[in-house]
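I opened a notebook on this structure and wrote down each thing as I looked it up. The entries follow in that order.

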Amino acid sequence: MQCLKCDKDAVITLQHGALCPSHFLAYFEKKVFKTISKYNLVTSTDRVCVAASGGKDSLTVLYLLKKYAEQHRYPPPQALIINEGIAGYRDGTIKDLELFCNEHNVPLHKKSFKKQFGKDLDEAYPIINSKTKKKPCNICGVWRRYLINKGAKELDATVLATGHNLDDEAQAVMMNIMKANHALLPKLGPKSGTGTHKDFVQRVKPLYFCSEKETRLYTLLKKFKVAYTECPNVVQSYRADVRDVLNQMEEKYPGTKTAVINSFLHISKLYPVQENVNIGSCTICNEPSNKNVCNACTLEGML
Amino acid sequence: MVTVHNEKTGTQHTTKRGSVKEILKEININSETVLVVRNNTVLTLDKEVKEDDVLMLLSVISGG
Ligand code: SF4
Ligand SMILES: [Zn+2]
Ligand SMILES: [Zn+2]
């Protein structure tokens, strides 16, 4: 297929037409920059921290937020990575991220489960599981969210950018609807958790309208080094089932995922903005929590 | 025959020649989940793949 805008061969077919490498790169960057400005994800006074993993999404976010900051003369972003301590997985992606940050001159900060909670995920999991039956991802998610927020605050960041993409968001919308988790729906969106606790750093998702496929193609054409690795703890979760269904629908009916997101954005205007101002602090670590002891400290207490 | 390497599974298939779309269908891969590369060039689904071509499937889904 030929590019919509020139006579070169296309590398991707989008809903509005096919694009060659250079026209795709321009299209992708424009889309991300438009998301940032339209939803006010980053402003001139923000200090941006990118929650990075070394995967395709976080490298793309890091690269484009840096480019955006340079164009607008905003403060440059910093990167934060959490090492969960998962053998055979995280070490590789940390190396990729270190290389990338070195090459692009981005300050990189690291935090680890081991340092914060005394044990790697691999060590903590069997102990906590024997008492609670919790899966690795339950522990990993709680501790990672905790450390990302804490780390961003320590860097004095006003904005925490994540690599969440269109696929992630469409999955989350569908999951919350199918499980009737209405309370969680207002937390989605390009700028989630607006108007929450002062101790939560504002989260933003510059890749909100970019599919996994587009992002992978972007990193490939930009020659970012991204190794394909999968966490050994990945299971065929509810989310993975939703992902598979959405991909089947998308293949048959192109535009399905974008339609899910756009419907959600439309409906979400009907929700009142949540003001979680009454949230308290953990009596052990002082981080924000709606319980006396936060989830992260509760898990740590079992070790 | 066409040889198809899969980055994610590390496996290799051989299939009849045809369009990229037909080949993915033949080996049961959803076209939303991969980029199809031949000689360092990404192919769209309509592209015809010739006899003896070698394809690489790059997974677009990151794990973890
Ligand atoms: S798959 Fe589970 S354990 Fe692995 S990184 Fe993701 S949340 Fe953590
Ligand atoms: Zn073009
Ligand atoms: Zn706590």
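In which loop of chain B is B:Asn28 found? I looked it up: B:Asn28 sits in the loop between helix H1 (20-26) and strand S4 (34-38) of chain B. I note that this is a predicted model. The phi of B:Asn28 is positive, about 65°, although B:Asn28 is not a glycine. I also checked its accessibility: B:Asn28 is exposed, because its relative accessible area is 70% and exposed means over 50%.

I turned to chain A and looked at A:Arg73. Its phi is near 55°, a positive value in a residue other than glycine. A:Arg73 lies in the loop between H2 and strand S4 (78-83) of chain A. With a relative accessibility of 78%, A:Arg73 counts as exposed. I then found A:Lys223, which follows H8(A) and has a positive phi near 60°.

**Helix H8 of chain A**

Helix H8 of chain A covers residues 212-221 and is mostly covered, with 8 of its 10 residues buried. I listed the buried ones as A:Glu212, A:Lys213, A:Glu214, A:Thr215, A:Arg216, A:Leu217, A:Tyr218 and A:Thr219.

**Zinc ion, ligand 2**

Which residues coordinate the zinc ion (ligand 2)? I found A:Cys3 (SG), A:Cys6 (SG), A:Cys20 (SG) and A:His23 (ND1), at 2.1 to 2.3 Å. The arrangement is tetrahedral, because the 4 donor atoms subtend angles of 101 to 114° around the zinc ion (ligand 2). Along the chain, these donors follow the spacing C-x2-C-x13-C-x2-H. A:Cys3 counts as buried at 4% relative accessibility, and A:Cys20 counts as buried at 0%.

**Zinc ion, ligand 3**

I repeated the check for the zinc ion (ligand 3). Its coordinating atoms are A:Cys282 (SG), A:Cys285 (SG), A:Cys294 (SG) and A:Cys297 (SG), at 2.3 Å. The angles subtended by the 4 donor atoms are 104 to 114°, which makes this arrangement tetrahedral. I wrote down the spacing of the donors as C-x2-C-x8-C-x2-C. A:Cys282 is in the loop between strand S9 (280-281) and strand S10 (288-289) of chain A, and A:Cys297 is in helix H11 (residues 295-300) of chain A; the pair links distant parts of the chain, 15 residues apart. A:Cys282 counts as buried at 2% relative accessibility, and A:Cys297 counts as buried at 8%.

**Nonpolar cores**

Which residues touch the most other members of the largest nonpolar core? In this core of 48 residues they are A:Phe28, A:Val32, A:Ile36, A:Leu62, A:Leu65 and A:Tyr218. Helix H2 (residues 56-72) of chain A gives the largest share of this core, 8 residues. I followed up on A:Leu62, leaving aside its neighbours within four places in sequence. Its contacts include A:Val50, A:Pro77, A:Leu97, A:Phe100 and A:Val106. There is also a second, separate core of 30 residues, and its members include A:Ala51, A:Leu155, A:Cys231 and A:Cys297.

**A:Thr93**

Is A:Thr93 buried or exposed? I found that A:Thr93 is buried, with a relative accessible area of 6%. A:Thr93 lies in helix H3 (residues 90-104) of chain A. Not counting residues up to four places away in sequence, A:Thr93 touches A:Ser53, A:Gly54 and A:Thr229.

**Where the chains meet**

Last, I looked at how chain B and chain A meet. In this contact, 22 residues of chain B touch 25 residues of chain A. The two chains bury about 2,100 Å² between them, and 53% of it is on carbon and sulfur atoms. How many salt bridges are there between chain B and chain A? I found 3 salt bridges. I also noted the salt bridge of A:Asp9 with B:Lys47, in which the closest N and O atoms are 3.2 Å apart.

Conventions: Residues numbered from 1 in each chain as written. Chains lettered and ligands numbered in written order. Predicted model: local features only at pLDDT ≥ 70, side-chain atom pairs only at ≥ 80, totals over all residues. Heavy atoms only, no water. Donors = N, O, S within 2.8 Å, 3.2 Å for Na, K, Ca; no water. Tetrahedral: all angles 85-135°; square planar, octahedral: opposite > 155°, others 65-115°. Buried < 20%, exposed > 50% of the residue type's maximum accessible area, 1.4 Å probe, protein only. Core = buried A, V, L, I, M, F, W, Y, C linked by side-chain atoms within 4.5 Å. Helix = DSSP H or I, 4+ residues; strand = E, 2+ residues; numbered from the N terminus. Contact = heavy atoms within 4.5 Å. Buried area = accessible area lost by both parts, 1.4 Å probe. Salt bridge = Lys/Arg side-chain N within 4 Å of Asp/Glu carboxyl O.
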